[in-house]
Amino acid sequence: SKKPVRVAVTGAAGQIGYALLFRIASGEMLGKDQPVILQLLEIPDEKAQKALKGVMMELEDCAFPLLAGMEAHSDPMTAFKDTDYALLVGSRPRGPGMERAELLSINGAIFTAQGKALNAVASRNVKVLVVGNPANTNAYIAMKAAPDLKPGNFTAMLRLDHNRAASQLAAKTGKAVSSIKKLAVWGNHSPTMYADYRFATIDGASVKDMINDQAWNKDVFLPTVGKRGAAIIEARGLSSAASAANAAIDHMRDWALGTNGEWVTMGIPSQGWYGIPKDVMFGFPVTCANGEYTVVEGLEIDAFSQECINKTLAELQGEQDGVKHLL
Ligand code: NAX
């Protein structure tokens with residue numbers, strides 16, 4: 001049988017953590033033959049640590065055959081020791097009346113410390129996924145704080161946007177969501193993201209031709225996907241948790257185990273692809289194989305798409321400028 005791998009999860013006592021840990025421990029992320037050791041990080045706060053213990057009690061009570069070990073931590077320097085995968089879920093969401101600058105600086109401190117800890121103690125091949133918002137910028141900060149690790153191993157979660165877009169297209173066309181291929185989401189995990197179905201196919205046929213309605217794209221589809229998080233909060237009284245955890249599982253599973261040539265979306269540091277400046281943590285269409293992602297290159301960017309990409313890029317560059325003094 002395989003040797004266990006170490007999976008660190010931050011914000012482990014939060015609502016996404018509660019929807020995520022049981023699926024990692026049951027083998028849905030890394031395969032039904034891959035034992036895992038969970039290294040769980042929460043803030044030192046007594047209530048948070050106690051809640052984390054409760055989640056661990058439930059994990060024990062599942063008697064998962066693949067759960068080879070489990071640890072509770074309050075310090076990233078121990079939580080990230082030798083970790084092969086790190087899911088950075090915990091962050092400080094924007095509170096009522098909180099200025100964006102304040103949000104960026106609080107999270108800047110969290111992700112600088114966590115990036116430094118990964119740099120110091122994690123596996124040299126650690127694969128990092130940042131879920132905590134602002135996800136792209138938090139991933140950028142952690143990457144910059146970890147100069148000894150491969151920058152490309154720091155990623156941000158755009159997969160929830162990708163899955164939301166796929167489900168809207170399935171509803172619009174009346175086709176199965178699993179039949180939709182070659183969908184892309186560009187940019188920031190925020191309402192400015194650009195979900196792009198110009199290349200998408202269903203059973204080989206063009207989704208764009210099937211829908212053939214640019215007004216629907218602009219006035220219905222993009223706002224619906226962009227504001228989906230707010231719509232969930234409005235309906236549920238709480239932010240997306242199970243769907244966010246599911247997207248994190250999809251992201252890590254595809255990165256680790258491959259996509260068989262199919263496109264998925266990952267937020268990754270640009271190497272200059274599509275004119276996006278180097279290091280900007282940007283959503284791109286990728287394929288994954290052998291534990292590596294490869295950007296889908298050579299796609300034509302029309303005027304409308306360029307305008308959308310410019311807008312989400314400008315927002316991201318604004319966020320990056322806002323944290324420059326921390327790096
Ligand atoms: P919760 O508030 O339920 O849980 C967050 C947990 O993180 C808390 O238990 C808190 O104690 C812990 N935490 C805070 N700072 C920490 C630190 N420095 N180290 C370790 N733990 C820390 O939030 P939840 O609903 O689980 O959401 C977590 C994050 O995901 C939020 O930032 C949220 O905005 C973000 N989201 C990102 C999404 C994406 O697609 N990228 C979608 C869903 C979600 O909104």
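**View 1. The largest nonpolar core and a second, separate one.** The largest nonpolar core of this predicted model holds 79 residues, and those with the most contacts inside it are Val7, Leu59 and Leu87. Helix 10 (residues 242-257) gives the most to this core, with 8 residues. A second, separate core has 27 residues, among them Val128, Ala135, Met281 and Val323. A nonpolar core here is a set of buried Ala, Val, Leu, Ile, Met, Phe, Trp, Tyr and Cys residues joined through side-chain atoms within 4.5 Å, where buried means under 20% relative accessible area, exposed means over 50%, and partly exposed lies in between (1.4 Å probe, protein chains only). In soluble globular proteins, nonpolar side chains tend to be buried together. Because the model is predicted, local features need pLDDT of at least 70 and side-chain atom pairs count only at pLDDT 80 or more, whereas totals for chains, interfaces and linings use all residues. Residues are numbered from 1 along each chain as its sequence is written, and side-chain values use heavy atoms, with hydrogens and water left out.

**View 2. The surroundings of valine 7.** Not counting residues up to four places away in sequence, valine 7 is in contact (heavy atoms within 4.5 Å) with Ile24, Met29, Leu30, Val36, Ile37, Leu38, Gln39, Thr83, Tyr85 and Leu87.

View 3. Helix 4 (residues 100-121) has 22 residues and reaches 31 Å from its first C-alpha to its last, close to the 32 Å expected at 1.5 Å a residue; the expected span is 1.5 Å times one less than the number of residues. Helices (H or I, at least four residues) and strands (E, at least two) are DSSP runs, numbered from the N terminus. Among the buried residues of helix 4 are Leu103, Leu104, Phe111, Leu118 and Val121. Alanine 120 is also found in helix 4, but it counts as partly exposed because its relative accessibility is 48%. The C-alpha atoms of alanine 120 and methionine 77 are separated by 7.7 Å, although the two residues are 43 residues apart along the chain.

**View 4. Helix 6 against helix 10.** The axes of helix 6 (residues 159-173) and helix 10 come within 8 Å and cross at roughly 105°, which makes helix 6 roughly perpendicular to helix 10. Axes are lines fitted to C-alpha atoms, for helices over the stretch in contact, and angles run from 0 to 180 degrees between N-to-C directions; those under 35 degrees count as roughly parallel, over 145 as roughly antiparallel, 65 to 115 as roughly perpendicular and the rest as oblique. Arg159, Leu160 and Asn163 in helix 6 meet residues of helix 10 that include Ser243, Ala247, His251 and Asp254.

**View 5. Asparagine 153 in its loop.** Asparagine 153 lies in the loop between helix 5 (135-144) and strand 6 (154-156), and it counts as buried because its relative accessibility is 12%. A polar atom of its side chain lies 3.1 Å from the backbone oxygen of valine 126. Not counting residues up to four places away in sequence, asparagine 153 touches Asn125, Val126, Lys127, Val128 and Trp255.

View 6. Most residues other than glycine have a negative phi, and most peptide bonds are trans. A cis peptide bond, with omega about -5°, joins asparagine 133 and proline 134, and proline 134 is found in the loop between strand 5 (127-130) and helix 5. Aspartate 203, in the loop between strand 10 (201-202) and strand 11 (205-206), has a positive phi near 50° and is exposed, with a relative accessible area of 69%. Asparagine 260, in the loop between helix 10 and strand 12 (264-269), has a positive phi of about 50°.

Terms used
A polar contact is a pair of N or O atoms within 3.5 Å; within protein, one must be able to donate a hydrogen and the other to accept it, and residues adjacent in sequence count only if both atoms are side-chain atoms.
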